Amino acid sequence: MTEDFLIGTYTSKSSRGIYGVTLDTEKEELTNVRLVAASGKPAYLQYGEQKRLYALKQDGERGGVASYDLSGDKAELIDAKLEKGPTPAYIGVDDQRHLLFSANYHTGELKVFKIAADGKLTQTDSVVHQGATGPQPEQDAPHVHYIDLTPDNRLIVCDLGMDLVVVYDVSDEGKLTAASRYQFEPGFGTRHLVFHPNGKIVYVLGELSSKLAVMRYNAADASLTQLQTIKTIPADWTAHNGAAAIHISADGRFVYTSNRGENTIAVFAVQPDFTVAHVQSISTEGDFPRDFELSHDDAYLVGSNQNSDNLTLYKRDAQSGLLTLLQKDVACPEPVCVKRWPK
């Protein structure tokens, strides 16, 4: 049996765009790394209905978002919305309302696009974050790093520069209205988050603090309440580290985060009260791990190391949540995003 993944990359060195890789579950190895779409800086990817792929895109001094047809073995460009300036950091998709969202780290700007039936994109709204920022050098300005849907179809946004999570109501026409704000401790550096399958708990990852925060989400008013914070690295770690990606198992029993610096994936067991306990940190067998992804059955995990240009494969134990290294040094240029390929 095989399963395919797509790899979003930076293209500052040898990478040429979006790559594919195949997981052979019988041999328990990654094979056939190949170029799926030539593009500039497709550092984050998302899937939508009708076998559509959405990706960040850079062309010279212009950056933005793009839509692709993924019905074949290659991703065929449908449309791109680019403007002069830096490429966004994240994109989210709303299939129900046919909307695409982008978060621009450099400008602190959120954008919303309507997705037409043919995959063409039209901008419907824009919000620029403004206000006080945190104490760390990386917090010189608002830096929006994550934008995606809540389980009740609001939009939730992480602003690393402001130590902030903002929830927005979204109209069918793609207009945003702020619904709530949660201010984290100074220097937390909100980067990414993931919801528990129950829709009531959200795990927020702080890049600059290397902390994981457990929050309760109240759908009645979109408010957040903090239940716990826990470090993603050992207490005695003194070298630089930046937490990067966060994912949760489908059964909601284990949370996984990546650490750039310690170069590990940290595993947390979800407790009966939805707080977490650290149970493992395992080497990514490379430098500067960004994103990773679980296979469709949660039996395997594919990790990516940006600076060392390699992918890593682990076997996952469903009962303990622990990871076991299966394969390392799978060559892939500048990998920063890993997504299952829905075929």
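Me: At what N to O distance do the side chains of E207 and R191 meet in a salt bridge?
Reply: The model is predicted: local features need pLDDT of at least 70, side-chain atom pairs count only at pLDDT 80 or more, and totals for chains, interfaces and linings use all residues. Residues are numbered from 1 along each chain as its sequence is written, and side-chain values use heavy atoms, with hydrogens and water left out. A salt bridge is a side-chain nitrogen of Lys or Arg within 4 Å of a carboxyl oxygen of Asp or Glu. For E207 and R191 the N to O distance is 2.7 Å.

Me: How many residues apart are E207 and R191?
Reply: Strands (E, at least two residues) are DSSP runs, numbered from the N terminus. R191 belongs to strand β16 (residues 190-195), whereas E207 lies in the loop between β17 (201-206) and β18 (211-218). The pair thus links distant parts of the chain, at a separation of 16 residues.

Me: Are E207 and R191 buried or exposed?
Reply: Buried means under 20% relative accessible area, exposed over 50%, and partly exposed in between (1.4 Å probe, protein chains only). By this scale, both E207 and R191 are buried.

Me: Which residue forms a salt bridge with E83?
Reply: The closest N and O atoms of this pair are 2.6 Å apart.

Me: What is the relative accessible area of R340, which forms a salt bridge with E293?
Reply: The closest N and O atoms of E293 and R340 are 4.0 Å apart. E293 is in strand β24 (residues 289-294) and R340 in strand β28, 47 residues apart. E293 is buried, with a relative accessible area of 11%. R340 is partly exposed, and its value is 32%.

Me: How many salt bridges does the structure hold?
Reply: Side chains of opposite charge can pair when their charged atoms come close. In this structure, D152, R154 and D169 are linked in a network of such bridges. The total for the structure is 15.

Me: How much space lies in the largest pocket?
Reply: On a 1 Å grid over the protein atoms alone, a pocket is an open set of points where a 1.4 Å probe fits, with protein on both sides within 12 Å along at least five of seven lines; lining residues have an atom within 4 Å of a point. Grid points are joined across faces, edges and corners, and a volume is the space filled by probe spheres set on the points. For the largest pocket this space is about 800 Å³.

Me: Which residues lie closest to the centre of the largest pocket?
Reply: Ala, Val, Leu, Ile, Met, Phe, Trp, Tyr, Cys and Pro count as nonpolar, Asp, Glu, Lys and Arg as charged, and the others, Gly among them, as polar. On that basis the lining has 16 nonpolar, seven polar and seven charged residues. Of the 30 lining residues, the closest to the centre are Y146, D148, V194, H247 and K339.

Me: Which elements give two or more residues to the lining of the second largest pocket?
Reply: This pocket holds about 420 Å³ of space. Its lining comprises 23 residues, with Y10, A89, H145, R191 and R290 nearest the centre. The elements concerned are β16, β20 and β24.

Me: What is the strand order of the open sheet that contains β28?
Reply: Two strands pair if DSSP finds at least two bridges between them. The pairing in this sheet of four strands is antiparallel. Because β3 (29-38) and β28 (335-340) each have a single partner strand, they stand at the edges. The order is β3-β2-β1-β28.

Me: How many of the six residues of strand β25 are buried?
Reply: Y300, V302 and S304 on one side of β25, and L301, G303 and N305 on the other, are all buried, which leaves both faces covered. β25 runs antiparallel to β24, with four bridges, and to strand β26 (residues 310-316), with six bridges. Strand β25 (residues 300-305) is largely enclosed by the rest of the structure because the number of its residues that are buried is six.
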